[in-house]
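Hello,

Here is the structure I promised to pass on. My notes on it follow below.

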Amino acid sequence: MNTAPDKRKSTNHSIHSSAASRGGSNIIAPPPRAQFIRPTATSTSTPGENDAPHEQASPIGKDGGAVQAAKEREKILHDEIVELKRELAANEDEFTRALDRLSQNESETASYWQTKYSNLNQQFLRADTELRLLRSEVEVREAEKTELRAEWELLQRELGEQDGEIRALRSQIAGLKQWVSTNTKKSDQTSDEEFGETVARLRNGLQNWAVSHFRRSSFDLSRADSSIIDDLSHLVPMYEELAVNETKAAFLQSVVSTILVEMIFDAYFIGLTEQQATQLGQIEKHFVHLSSTEVVNEWRAMTLSMLRKECIPKMQQETDAATQSVMARINRILDNITDAKATDVRDQALRALVINAINLARLLVAQKAIFKVAMPKIVPYQRVLFEAETMDHIGEEEEDSLTSREICCVTFPGIIKTGDENGKHLQYRNVISKATVLCSPE
């Protein structure tokens, strides 16, 4: 871009140089006429001798030299003018080209920046439009959020009101159940809810006893004598598969529960001698042939309720003997198959469990309805499948996945009621408490 000015400078410099050279030559060179004047100092002739011839020749020489010098000078000037014009034309052409190039470059630069500015402006407009749309959408979302929050608070209030209504209705239902139970039962008839709570306490007590006193013990069936093995195979036929660490607690509960069912719940009434229990059982069977089942149930309930209220002190000796017999059988089996040592604390806790089981058994047989303690028998040659209606699995699996699963052992029996509180309507069947079982792995 500095080419044209530099050339203009060089051109002006050359012009000034040529002019200066011409001026210098004019100053140094003598005038044309001076070349033809003879110097006075060199003349040796007398004035009289030389005056006439010089006066005749000087006019002609002067005019011819001046004309010749003027023509030469004019020719030199003309040549210089032509050269200057040619240089001027060349400089003008070069300046024009440089100017065109600069104009073109400036036009391209302006077009580039204008295009870039246009693109950036379009991007800004698009971004500004998107920002406005996003702000509008945010405002809409904020409005929706506020509306949803208001609806949520309204639903929370309604839910709280409904919860209050549900609690009130449940309280009313519980009161109605209590009123119905109080006004429909006679003598010592116990409600199903009370039986369920009593069974649950006994089941939890047995589980805690087994875990607390045999958690760190191990099984060794090889050192047990044949009588223990025979008794164990009678109580829990699958004992060899269950006497492992994974099912140790379930196996212990199954042994104790089976003994409680056989020696306490299957007895006619704990506290009576064997002869007395046999006689009352025969009388009941005889009454069945003479009267209706409802009447027999009422007689049994009245008779055994009287024994439970009035004759417990007189039956204490037989009751203690039965308690001690149950405890001895349990300890004898567990002491022979485990390395746990019997302690007073363990025996006291076991005695409390046995006494609670005796009280529950007495209360069950003193009802007009027929209560049956259900303890499914598990034998190797017969498959006993899980029934969700009467069984609960002690594991964490869902009941839907336990359908058609085989049972390993029963850890606690269930209780099934037949008939109503008055000993009638024997077609009614109600599961008071489900048996707790351990299912086989898939």
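Glu144 and Arg141 sit three residues apart in helix α2, about one helical turn from each other, and they form a salt bridge with their closest N and O atoms 3.7 Å apart. (A salt bridge here is a side-chain nitrogen of Lys or Arg within 4 Å of a carboxyl oxygen of Asp or Glu; helices are DSSP runs of H or I with at least four residues, strands are runs of E with at least two, both numbered from the N terminus.) Arg141 also pairs with Glu137, at 3.4 Å between the closest N and O atoms. Relative accessible area is 36% for Glu144, 44% for Arg141 and 40% for Glu137, so each is partly exposed (buried is under 20%, exposed over 50%, partly exposed in between, with a 1.4 Å probe and protein chains only).

Please bear in mind that this is a predicted model: local features need pLDDT of at least 70, side-chain atom pairs count only at pLDDT 80 or more, and totals for chains, interfaces and linings use all residues. Residues are numbered from 1 along each chain as its sequence is written, and side-chain values use heavy atoms, leaving out hydrogens and water.

Another salt bridge joins Asp192 and Lys417, at 3.0 Å from N to O. Asp192 belongs to helix α3 (residues 192–214) and Lys417 to strand β4 (residues 414–418), so the pair ties together parts 225 residues apart in sequence. Asp192 is buried at 19%, and Lys417 is buried at 4%. Elsewhere, shared partners link Asp231, Glu262, Arg329 and Arg332 into one network of salt bridges. The whole structure has 13 salt bridges.

Best wishes
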